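Subject: the structure I promised you

Hi! Here is the structure we talked about, ready for you to open. Have a look at it first, then read my notes below.

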Amino acid sequence: MLWVAIVALVMTVTAVAVAARRALFLYKLATVGPPAPERIEYAKTHLPEELKAQLVEVFGQRKLLKWTPSGVAHFFVMWAFFILLTVYIEAYGAIIQGAITGRPNFHIPLIGRWPVLGFLQDFIAVACVLGLVAFAVIRVMNSPKTHGRKSRFSGSHLGGAWLVLFMIFNIIWTLFLARGAAAANGNLPYSSGAFVSIALGDVLPAGSLLEEIALLLHIGFMLVFLIIVVNSKHLHIFTAPMNVLFSRRPDALGAAPQMRVDGKPVDFEDEDLDPEKLGRGKIADTTWKGFLDFYSCTECGRCQSQCPAWNTDKPLSPKMLILDQRDHAFKVAPYLLGGDTGHAGQDVLALLEKPLVGEDGVIHPDVLWSCTNCGACVEQCPVDIEHIDHIIDMRRYQVMVESSFPSEAGVMIKNLENKANPWGMSEMKRADWIEELDFEVPLVDDKLPEDTEYLFWVGCAGALEDRAKKTTKAVAELLHIAGVKFAVLGPMEACTGDPARRLGMEFIFDMLAKQNIETLNEVGAKKIVATCPHCFNTLANEYPQLGGRFEVVHHTQLLAKLVDEGRLVPVTPIEEKITYHDPCFLGRHNKVYSQPRDIMSKVPGVQAQEMHRHKDRGFCCGAGGARMWMEERIGKRINTERVDEALLTEPDTVSTACPFCLVMLGDAINEKKNNGEAKQSLEVVDVAQLLIRSVKS
Ligand code: SF4
Ligand code: SF4
């Protein structure tokens with residue numbers, strides 16, 4: 001068997017050298033950009049958490065298993081990679097032993113004759129084949145040829161995917177051929193357990209040649225597969241665990257990424273700050289974590305299938321956002337890594353200088369500005385790609401370096417700068433709603449009264465927008481009835497900065513956030529309740545980046561608790577069919593799904609009806625990501641799509657828990673009413689409004 005060992009050795013050394021060369025290239029490319037020390041630091045200091053993430057996300061395939069049957073199929077195929085490593089140890093062992101002793105009857109020391117291992121190997125190989133069949137069926141049934149844009153594979157590299165399925169199939173059939181031949185020759189380590197291999201051994205002819213050729217074929221296919229993997233989207237087999245390890249925990253939702261220059265948090269007061277380095281303008285501005293995202297994308301399209309922009313015919317696909325950057329990175333890689341562009345032609349220089357965003361850029365501006373930051377892509381991505389981080393970083397460059405963004409948003413930014421609210425209204429109007437109540441609401445002018453339990457963060461919409469003011473008043477009344485001591489800041493409150501940050505105007509966010517943190521610290525705020533999920537998210541998750549640490553709850557969390565404790569008792573029946581819309585910044589970004597539903601379930605008479613897309617797969621209203629202040633000119637309006645979905649439940653009322661959702665859904669419902677497509681009595685209300693109606697007898 002010496003010749004077999006020589007052929008195997010040559011094949012292995014060649015393939016490993018080719019793969020290693022590619023791995024080195026990928027490493028060098030990933031490290032051309034700025035550093036991301038915070039990712040390493042976090043992983044180092046949160047090892048138990050990271051270990052758990054590896055177990056749950058990588059080995060447990062948590063996100064993929066939500067997508068049965070493709071999740072189940074992937075689970076088995078992935079585990080086949082791990083378990084069948086033992087088969088490769090056996091295969092190489094057999095070749096070496098065969099070359100030395102002439103008898104390829106190698107077994108792994110200690111566990112190598114254990115029938116359970118033999119069974120596991122055969123079982124997972126069979127399960128893998130079934131997984132491949134399932135993948136093939138899913139791909140045919142969801143083909144972009146027949147489903148067009150609706151197919152999650154639309155835009156993916158389909159040929160490469162089929163090639164990989166074919167290669168895995170080759171690995172499995174040669175595995176059984178090699179093990180069957182070994183069994184026929186009495187060389188298989190297992191006398192029981194390996195049910196398929198032993199059965200094949202009974203029908204295959206004895207003789208060393210078949211076993212030798214089968215072993216070489218099996219190893220050969222694996223080596224070719226290795227080379228294909230490191231040159232294709234299947235690179236995720238190696239990079240996905242790393243991407244999960246270095247992703248933001250618990251996921252890249254909630255807080256927007258802290259802005260960094262050269263790996264350090266940005267300080268706008270630093271005179272040495274290079275404004276050209278704000279955000280990402282070119283592919284070379286991408287950190288290694290960004291490249292890891294590119295390398296990890298499996299092109300599964302789950303993000304695309306959930307994206308509200310993509311689903312309403314806008315040009316944004318989160319998948320293509322990643323793939324377009326990746327393809328561009330590979331195109332410019334030789335020049336980026338080569339360094340010397342002295343003799344390069346104009347076309348190469350133009351490619352190197354190609355802006356990430358622009359009419360002729362890698363990403364079209366319409367793609368960038370279509371994002372609502374809803375988080376559906378991040379939530380679904382099985383390999384923890386951080387689409388929102390990419391989008392926000394590109395927006396930062398567009399806004400702060402290029403001054404290029406939808407003009408309508410400019411008004412909002414000016415208003416924030418001058419009046420500390422997006423509508424440009426006087427700060428004195430922030431307390432007007434209090435006058436419409438028949439009890440007193442303490443307005444802080446210095447320190448919070450001693451007995452204050454919560455500072456009620458009203459938010460710009462809650463204080464200034466008529467529909468949102470109804471929620472504000474309902475919450476204030478409910479807190480009053482429950483005997484919760486609270487106070488409000490009134491004119492001392494400024495916008496949290498969320499719309500500025502999501503637009504990419506980090507400078508204004510920084511200014512407003514620091515101002516608010518100072519105010520909150522000065523008045524002695526510890527516990528805050530907010531009605532707006534955007535305020536809630538910013539106060540709870542983003543202010544800590546700037547040193548502001550407060551205990552923040554959303555009003556639905558507090559109200560659900562008060563109902564639970566019997567401090568609020570819903571008594572008046574509301575005999576209505578109600579469908580609840582999950583606000584993205586409350587649900588997906590902060591995982592508050594149950595409390596609004598709990599409140600509704602306690603109101604007598606309410607018949608709750610879920611929409612098709614709800615909870616973590618809820619569909620955005622279209623207002624997040626500062627889209628509230630931009631025109632929606634392309635495709636179907638997102639709020640209309642959502643209301644169409646709500647109407648399918650034939651509701652009497654649509655409920656929600658966000659002032660922006662209230663406005664967006666309300667507008668779409670009004671349009672439907674005007675067109676005669678919705679009944680005139682249909683309204684959208686906050687769950688707090690429902691509760692107060694029921695609490696008041
Ligand atoms: S955050 Fe939402 S809108 Fe933006 S790309 Fe992801 S799914 Fe699409
Ligand atoms: S970004 Fe994630 S969800 Fe989207 S296609 Fe790539 S792997 Fe799939």
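**Salt bridges**

E436 and K473 join their side chains in a salt bridge, with 2.5 Å from N to O (the term means a side-chain nitrogen of Lys or Arg within 4 Å of a carboxyl oxygen of Asp or Glu). This pair ties together distant parts of the chain: E436 is in the loop between α21 (407-419) and β3 (454-457), while K473 is in helix α23 (residues 466-482), 37 residues apart. Helices (H or I, at least four residues) and strands (E, at least two) are DSSP runs, numbered from the N terminus. E436 is partly exposed at 48% relative accessibility, whereas K473 is buried at 18%. Here, buried means under 20% relative accessible area, exposed over 50%, and partly exposed in between (1.4 Å probe, protein chains only).

Before you go on: this is a predicted model, where local features need pLDDT of at least 70, side-chain atom pairs count only at pLDDT 80 or more, and totals for chains, interfaces and linings use all residues. Residues are numbered from 1 along each chain as its sequence is written, chains are lettered from A and ligands numbered from 1 in the order in which they are written, and side-chain values use heavy atoms, with hydrogens and water left out.

D667 is partly exposed at 35%, and so is R467 at 28%. Then there is a network: E38, R39, R248, R260, K289, D293, E386 and D389 are joined by salt bridges that share partners. The whole structure has 53 salt bridges.

Leaving out residues up to four places away in sequence, E212 touches M1, W3 and V4, where contact means heavy atoms within 4.5 Å.

**One face of a helix**

In helix α12 (residues 236-246), the buried residues are H236, T239, A240, N243, V244 and F246. They fall within an arc of 170 degrees seen down the axis, so they line one face of the helix (the arc is that of the directions from the helix axis to the C-beta atoms). Their cover includes α2 (37-45), α3 (47-59), α5 (70-83) and α13 (288-296).
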